[in-house]
Amino acid sequence: MRRTIYPQGRLTAAIASALLAAYSGAVAAQQTATNGRTLTSDVEEVIVTGRSLETSLPLELSKYGADLEIVTAEQIRNHGFVDVAQSLEMLVPGVHLTTQAGAFSYVNLQMQGSRASDTLWAIDGIRINNRLYNGTSPADTLPSSMIERVEVLKGPHSLMYGTQAIAGVANVVTRSFTDDFDAGFNVGTGSYGLKRASVYGSGSAAGHKFVGWASKDENDGYEIYDDYQPTSVYRDRGYNVENAGLKYGYDLTDDLSFSMSAIHTEAALDYPSVVTTSVNDRNEDLVYARLDYQPGERTQFFLKGYSHDWDTNYYPAGQPSSAGDYWGYTDEGLTAGALVTPIDTMEVHVGYDYQTYDGTDDVLLIAGQQESVHAVYAQLRTTDAFSDALHIATGTRYNRTEGIDSTDWSLMGLYDINEYLYVQGVLATAFMLPSAENLYRIHCPTGVNCTHGNPNLEPEQALGLTMSVGGRLDVGARPLSWQVSAWDRKVDNLITSALIPAELLGEFPPEFTRTFINVPTEVDVQGAEFLLRGPITASLSFDLSYTYSKEVGAGTDYQLRDRPKNQYKGSIAYVSQRYPFGINAAFKYIGAKTVDMTNVNLGIQEYGDAYLFELAGHVYLDGRDGQHRVTARLENAFDEKYATSMGNAIRTGSAPQERFVWNRLGPPRTFSVNYSYQF
């Protein structure tokens, strides 16, 4: 029977005890969102049983005031999500996510008033953001079948995670080891030629632990624009993603363990524009090995090396792949960490990160740029012996790369006021290095109005404060959990694009009208978030959140373009206590956004301001907790036609020239059904 575990330090023992008594196992398993205060025992057991200093880091940080949300594999399966982005889009409070073209595409993720580039993405703790383009999300090749859980840390976390963790961290944890044999497969189909198939297996023999998986996701696609140039031929956006992974682990001694993993992805991803469609033909490998050593209760160490290789052939649809251009990178590194408890009331976490990066892009002529980064960090934390109600952590990090160095610090704390109330907060600096595109872009694929690189850019530096108050709210016999958070982030040297001054245009090729700059004034981002979740009955639970974000440009009084002020989302889960079925529903409000087209006399255009609903249900064909299961999902249930971004273009062949506004649309109503069998 599953139960809900509350990590020590996040809530008092009284709150944990009351909520444990109130939650049924089914509701806990189906809880629509899971945060650091309400981990299901399955998640907690996996983290603690296979305990590694690196693996348990997000959970440890949540004990000291970091806001942690966890989406479990069970939630992803019950909602029928195809990729990792869909789970964050619908389930994680405070995360505003839209895709460029549906499943397996780049995403625009905004968290605590951030840009997409302000969130660091990781797989099993390894950063996978590419340094060619800070704004390019790596979530376009992460199928749901590989996921054990997704951990989302909100707020500034550069102390432990380095560059780009300005607004948060999204860490995808892949399938974990099991002592007993566990295996299964899944097949599915759906609208627009959707086809899915996956298989996994795990177990151990003579101390050797293995887990492996393989999946294939394919879709013929659909049109993602409301208007096209008349010359456009290939308009449907499809994908074909193949992913396979293998993990191995072995305990060399009672104190020393070894593990390694290899993940391979091949993907052909269509990226249409209103003019043409290009194919992103991807080949990607992520390999790592780790040693974990725990000689005693007071000391713990880990050492990990990794290699991430990304190769893309980018070519026009309908043409041979040889007609394309290459872009890609190799990212290799070494990470070491130690947790030492020198006295009963205090522990120290120290570490070293090394990353070497080599990337090139034949499209934008970013050629052979290489970068190496060294970082050392230390964090001092109180223990339960210091106080079982107050937990404090503080630390600093020093980063150095070619010609650029920075020092960041963090102060975190959590205090359980009583059995019904807690407060927590994080005050920290964070940084983001300029990308290779920011520094070195010298080619304009469109031939007009492009942005040129600027090798003199400075890294962004941010100071962020996040404060939260929350606790338990008794409604009848079933307690609810709630939290109100507010943040204020100030950014120096914000990297953006700007028009090239008229007196300098002669120094740039004529097709370039903009370049990247550091904003000379401080940029301020403020916002707040409200969260309420818990059980309604023994079978029914819910999750509801609202986010307000004020993002005002320097010297202006209006909201930054493409940023919603208001957004909210919610979900509800029903698991029958008697019959072998469950139902999940989720909704989100896409806030109103604007885009500035005054430079082409089209004024300020508005988009967004739409509601999305989805439904999912599952049934076991052979009784509760059976082996045969069918899951169905209805995405965008009311077929809402909504824009995820806007732009404009001159109609090809029009005389006189006609300029039209185009909308890039979110996915239409789609239906899918999956059958799975667990051995």
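A residue is called buried if its relative accessible area is under 20%, exposed if over 50%, and partly exposed in between (1.4 Å probe, protein chains only). Helices (H or I, at least four residues) and strands (E, at least two) are DSSP runs, numbered from the N terminus. What you are looking at is a predicted model, where local features need pLDDT of at least 70, side-chain atom pairs count only at pLDDT 80 or more, and totals for chains, interfaces and linings use all residues. Residues are numbered from 1 along each chain as its sequence is written, and side-chain values use heavy atoms, with hydrogens and water left out.

**Stop 1: helix H6**

Select residues 84-91, which make up helix H6. Click along and you'll pass Val-84, Ala-85, Gln-86, Ser-87, Leu-88, Glu-89, Met-90 and Leu-91.

**Stop 2: the nonpolar core**

A nonpolar core is a set of buried Ala, Val, Leu, Ile, Met, Phe, Trp, Tyr and Cys residues joined through side-chain atoms within 4.5 Å. The largest one here has 33 residues, and Leu-88, Val-95, Leu-109, Trp-121 and Val-150 touch the most other members. Which element gives the most to this core? H6 does, with 5 residues.

Next, pick Ile-70 in strand E4 (residues 67-72). Ile-70 counts as buried, at 2% relative accessibility. Draw a C-alpha to C-alpha distance from Ile-70 to Arg-149: these residues are 79 apart in sequence but 6.7 Å apart in space.

**Stop 3: the cavities**

On a 1 Å grid over the protein atoms alone, a cavity is a set of points where a 1.4 Å probe fits but cannot get out, and lining residues have an atom within 4 Å of a point. Grid points are joined across faces, edges and corners, and a volume is the space filled by probe spheres set on the points. The count comes to 10 cavities of 30 Å³ or more.

The largest cavity has a volume of about 200 Å³. Select Gln-86, Asn-219, Tyr-239, Glu-635 and Thr-670, which lie nearest its centre among 18 lining residues. Strand E37 (670-678) is one of the elements that supply at least two lining residues, and E37 has the largest share, with 3.

The second largest cavity comes to about 160 Å³. To find it, select Glu-89, Leu-612, Glu-635, Tyr-642 and Pro-667, the residues nearest its centre. H6 turns up again, as one of the elements that each give at least two residues to this lining.

**Stop 4: the rings**

Rings of Phe, Tyr and Trp (its six-membered ring) pair if their centres lie within 6.5 Å; planes under 30 degrees apart count as stacked, over 60 as edge-to-face and the rest as tilted. The model has 22 aromatic pairs. Show Tyr-568 and Tyr-611: their pair is tilted, at 6.0 Å centre to centre and 55° between the planes. Tyr-568 lies in strand E31 (residues 566-575) and Tyr-611 in strand E33, so the pair ties together parts that are 43 residues apart in sequence. Tyr-568 is partly exposed, at 27% relative accessible area, and Tyr-611 is partly exposed at 38%.

Move to Tyr-677 and Phe-679, with ring centres 4.9 Å apart and planes at 90°, so this pair is edge-to-face. Tyr-677 is buried, at 18%, whereas Phe-679 is exposed, at 52%. For a group view, select Tyr-133, Trp-310, Trp-327, Tyr-329 and Tyr-357, which ring pairs link into a cluster.

**Stop 5**

Most residues other than glycine have a negative phi, and most peptide bonds are trans. Zoom in on the bond from Ala-655 to Pro-656: it is cis, with omega near 0°. Pro-656 sits in the loop between strand E35 (643-650) and strand E36 (659-665).

Ala-206 has a positive phi of about 55° and is exposed, with a relative accessible area of 75%. Asn-636 also has a positive phi, of about 50°, yet Asn-636 is buried, at 4%. You'll find Asn-636 in the loop between E34 and E35.

How values were computed: On a 1 Å grid over the protein atoms alone, a cavity is a set of points where a 1.4 Å probe fits but cannot get out, and a pocket is an open set with protein on both sides within 12 Å along at least five of seven lines; lining residues have an atom within 4 Å of a point.
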